Amino acid sequence: MVIVRSAGEADNLHIRKLVQASLASFNLVVEFDGLDAAIGSAGLPASKNLIELVAELDQQVCGCIALEALGSVNAQEAKVFGFHVDHHYRGKGIGRSLLTALMSQAKQRGLKTLYLDTWDNMHSAIRLYESLGWMPAPDPAPESGANRSYVFTIS
């Protein structure tokens with residue numbers, strides 16, 4: 001059974017390894033001091049993320065996701081960062097569990113709009129987003145580290 005829970009400090013190393021391996025599987029390089037800073041700080045006391053979740057299966061951290069506020073502290077918009085599932089665990093509903101938990105917590109916090117960026121070759125992820133009601137948005141700027149964007153309006 002998949003367990004989705006808040007990330008703690010002890011999870012940070014597992015998250016970093018997971019993200020590095022996940023990005024490498026798509027021929028991408030991790031940038032914890034840049035584009036991947038939000039997920040790189042997951043679980044740490046200094047993290048500025050609103051929500052940080054990990055998924056566990058068989059007592060192994062096998063997925064992660066973070067949500068970072070856009071704008072001021074009281075902003076009603078946020079962006080998903082660092083949504084990764086270990087390639088050994090893909091196809092088991094872990095990504096869906098993580099994303100739906102994050103969306104639920106975002107709604108509880110009063111957020112209204114969520115954004116995320118992805119790559120057009122991440123077909124499984126795109127199918128997941130669209131199945132949960134995420135809509136295509138204008139493509140992100142080239143320096144964003146992705147080439148597709150999605151938006152979700154919380155009702």
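Student: Where is the place of Asp-11?

Tutor: Look in the loop between β1 (3–6) and α1 (12–24). Keep in mind that this is a predicted model.

Student: Why does Asp-11 count as buried?

Tutor: Its relative accessibility is 7%, and buried means under 20%, so Asp-11 counts as buried. Leaving out residues up to four places away in sequence, Asp-11 touches Arg-5, Ser-6, Val-54 and Val-61.

Student: On to the cysteines. How many disulfides does the count come to?

Tutor: The count is 0. Take Cys-62: the nearest cysteine sulfur belongs to Cys-64 and is 9.7 Å away. A disulfide needs the two sulfur atoms within 2.5 Å, so Cys-62 is in no disulfide. Cys-64 is in none either, with the sulfur of Cys-62 as its nearest, 9.7 Å away.

Student: What makes Cys-62 and Cys-64 buried?

Tutor: Cys-62 has 0% relative accessibility, and so does Cys-64. The cut-off is under 20%, so Cys-62 counts as buried and Cys-64 does too.

Student: Which residues have the most contacts inside the largest nonpolar core?

Tutor: Leu-67, Leu-99, Leu-102, Leu-114 and Trp-134, in a core of 32 residues. Elements giving two or more residues to this core include β3 (60–69), α3 (94–108) and β5 (113–118). The most come from α3, with 7 residues.

Student: And what does Trp-134 touch?

Tutor: Again leaving out residues up to four places away in sequence, its contacts include Val-80, Leu-99, Met-103, Leu-114, Tyr-129 and Phe-152.

Terms used. Residues numbered from 1 in each chain as written. Predicted model: local features only at pLDDT ≥ 70, side-chain atom pairs only at ≥ 80, totals over all residues. Heavy atoms only, no water. Core = buried A, V, L, I, M, F, W, Y, C linked by side-chain atoms within 4.5 Å. Buried < 20%, exposed > 50% of the residue type's maximum accessible area, 1.4 Å probe, protein only. Helix = DSSP H or I, 4+ residues; strand = E, 2+ residues; numbered from the N terminus. Contact = heavy atoms within 4.5 Å.
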